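Walk through this predicted model one region at a time. Keep the structure open while you read.

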Amino acid sequence: MMPLLRAVLLRSLTLCLLTLLAGAAAAQEYLGSERCITCHEAAGAAWDGSHHALAWTAPTTDNISANFDGTEFTLGDMQARFSLTADGTPHVSVTERDGVTTEYDVHSVIGVEPLQQYILETEPGRLQSFDVVWDTEKGGWFHLYPEQNYAPDDGLHWTGPYKTWNSRCAACHATGFEAGYDPQSRSFASTQLEIGVGCEACHGPGSAHVTWAETYETTQKAPPPAYGFTVDMSQPAQMIEQCASCHSRREPFTEGNPLPGTPYHDSYNLSLLREGAYEADGQILDEVYVYGSFLQSKMYAEGVSCSNCHLPHEAELIAEGNAVCTQCHSPAGNPEFPSLPLKVFDGPEHTHHPEGSAGAQCKTCHMTERVYMGNDWRADHSFRIPRPDLSTETDAPDACTTCHEDQSPEWAAAKLEEWFPESTHRGPHYGQILAHGRRDPARAAPELRSLSQDTDMAGIVRATALYLLEQAGDPSEVAALESLLQDPDPLVRSAAVRLQRVAPAMERAPRIMQSLSDPSRSVRMAAAQSMLDAQIAHMPGHYERALRSAFAEWQASMASRLDFPETHLQMGGMALVMRNMPAAANAFAEATRLDPQLSDAWIMQIRIAFATGDEAQGRALLGEALEQVPDNMTLQMMNAELTGQQMDLLPPPSAD
């Protein structure tokens, strides 16, 4: 690394911390939902008892749905026994697969239906979400991941770092939350204004609003912007982004709750339409929490917002069944959305199913559902038209054969052709290109390039095309798409910056200099990451300042997630690029301390030890690694090279 970038990295974190402190000093104050409800009684009554209000509650009799009167749950060698202490406190006695029994009082309660989960405090301040949950619809306990009955020394066990409530979940179940992780003691001192999603979790702190309201009668002063709140809920774009701050699959840039109203891409890195999360055509696959789906929809493109369908305080739909949809999709239409076709949708002439049947429900065909967390049905918010004609090409499911399991996609496609012979919805679909890109990004590069440049497509689709082009690794594509660094959509700009990593550093650096000062933090951080290996001895002062600031934001983002094993993998990689072997070794060591089964971190520690001449340490680390992940092929190959022993090619023993 050149001296300039090394100096920038050393100075940037200090600058970022000073900026954060200055911002905190000027912040408004949170007051609590009770204060809001003293004036806004109707909104408070609607919110009280909602899923938002009950997102995180105290373990009282009124809040707990489960039967703690001597019930039990067993999965293999693990057993949980549920009881009430003499003073009525709900209690869990857990015998793990290693035979050790630990006693826990229930710390607090997550949610209300269709399942309820319980938080256990495994050490002072550290809260973990227990994997055995209560089915509030059928009654009875069940395990969220019955096929993953991990031992307590596994990083994926419920006591491990991936299920720590403080840092993984609480921010979306609380108001004014700060995780308060101390990396020195590896402990938490979390704080929040209130548990549960209160008024100020969405509207922002209320002190300025109250100051204006309390003086209005005497001053008759006009209200400040957004009535003193940090979010203007009358603006659809602000409302959608505020809802998306929790209802999306994303990587946070800061600890706890960002100030409500902070632009989404200043707070989060949104997951693209990647394998494992989405089907190739953009349908939901894993739990992705709505926003990434909604961005693909025509509704989003036409200006529909969350409150057009959902009551924000009740957190319920605004009407029952198809009535939610027919407020717009009907012969009367809706003047707010003049592009709507004026015709019957809620009738047999459109649904081709008997009235009142499941097939006649709009959501059955246009919002297919999947089950997450064992019994929780979640709807796909991309509001798509069924395309069984593409199933063979995209390998994605279709709404028709999801219900008609005894039929084929070809049968379903023929039915749609029969019912809608003049349909304009059977042309090319971006899912075809993304499916090609997943299978062979280099071969699909021309299609992916065209898709990324198609401004009629959703930004998340175009950004995914750029991500797939990055996997192809062709520098010629990078040069051809340089203009996308100035695209209006920050998702596209971030992906365009990452695509530039494919180019040689000396070509890449001049292209992304401007991105270091991008309006969106997600883009600035992507640019900083892409500059890490740039060989630059000198740059103009304004670029150096921008680089320093962007590096600081990136470092501060990593510093906010130091209890995440994956953060230390990233820090270790960063240290390797900087040729700082001790820092890299320490980062990878912390990753394996947090998750002993993180094989990539073990492998890097071993390689660093041998590369720096410490063979004894390398051998010792290899022995430790094989104890934790004995079936890892790379570790077995390393061991075979060192010892001459044959590799163990048998499958690992079952976890049951």
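A search of the whole structure finds one cavity of 30 Å³ or more. A cavity is a set of points on a 1 Å grid over the protein atoms alone where a 1.4 Å probe fits but cannot get out, and lining residues have an atom within 4 Å of a point. Grid points are joined across faces, edges and corners, and the volume is the space filled by probe spheres set on the points.

The model is predicted: local features need pLDDT of at least 70, side-chain atom pairs count only at pLDDT 80 or more, and totals for chains, interfaces and linings use all residues. Residues are numbered from 1 along each chain as its sequence is written, and side-chain values use heavy atoms, without hydrogens and water.

Turn to the helices. Helices (H or I, at least four residues) and strands (E, at least two) are DSSP runs, numbered from the N terminus. Two packed helices are described by the angle between their axes and the distance between the axes. Axes are lines fitted to C-alpha atoms, for helices over the stretch in contact, and angles run from 0 to 180 degrees between N-to-C directions.

Start with helix H19 (residues 459–472) and H21. They pack at an angle of about 5°, with their axes 8 Å apart. H19 and H21 are therefore roughly parallel to each other (angles under 35 degrees count as such). On the H19 side, the contact involves Gly459, Ile460, Arg462, Ala463, Leu466, Leu469 and Glu470. These meet Leu491, Val492, Ala495, Ala496, Arg498 and Leu499 in H21. Contact means heavy atoms within 4.5 Å. The residues of this contact divide into nine nonpolar, one polar and three charged.

H21 (residues 490–499) also packs with helix H23 (residues 521–530). Their axes come within 9 Å and cross at roughly 0°. H21 and H23 are therefore roughly parallel to each other. Pro490, Arg493, Ser494, Val497 and Arg498 in H21 meet Ser522, Val523, Ala526, Ala527 and Ser530 in H23. By class, this contact has five nonpolar, three polar and two charged residues. Arg498 of H21 takes part in the contact with H19 and in the contact with H23.

How many residues of H23 are buried? Ten of its ten residues are buried. Buried means under 20% relative accessible area, exposed over 50%, and partly exposed in between (1.4 Å probe, protein chains only). Arg521, Arg524 and Gln529 are among the buried residues. What covers the buried residues of H23 includes helix H8 (264–267), strand E15 (268–270), H21, helix H22 (505–512), helix H24 (541–559) and helix H25 (565–577).

Now look at helix H7 (residues 236–244). Its buried residues are Met239, Ile240, Gln242 and Ala244. Their cover includes helix H5 (199–203), H8, helix H9 (291–294) and helix H10 (298–301). Pro236 is also found in H7. At 36% relative accessibility, Pro236 counts as partly exposed. Pro236 and Asn308 are 72 residues apart in sequence and 9.7 Å apart in space, C-alpha to C-alpha.

Next, a loop. His425 sits between helix H16 (409–419) and helix H17 (430–439). At 41% relative accessibility, His425 counts as partly exposed. Leaving aside neighbours within four places in sequence, His425 is in contact with Ile385 and Arg387.

Finally, the backbone. Most residues other than glycine have a negative phi, and most peptide bonds are trans. The peptide bond from Glu113 to Pro114 is cis, with omega near 0°. Pro114 is in the loop between strand E5 (101–110) and strand E6 (115–123). Tyr289 has a positive phi of about 60° although it is not a glycine. Tyr289 lies in the loop between E15 and H9, and at 36% relative accessibility it counts as partly exposed. Phi of Ala315 is near 55°, also a positive value in a residue other than glycine. Ala315 is in the loop between strand E16 (310–311) and strand E17 (316–317). Ala315 is partly exposed, with a relative accessible area of 30%.

Conventions
Angles under 35 degrees count as roughly parallel, over 145 as roughly antiparallel, 65 to 115 as roughly perpendicular and the rest as oblique. Ala, Val, Leu, Ile, Met, Phe, Trp, Tyr, Cys and Pro count as nonpolar, Asp, Glu, Lys and Arg as charged, and the others, Gly among them, as polar. On a 1 Å grid over the protein atoms alone, a cavity is a set of points where a 1.4 Å probe fits but cannot get out, and a pocket is an open set with protein on both sides within 12 Å along at least five of seven lines; lining residues have an atom within 4 Å of a point.
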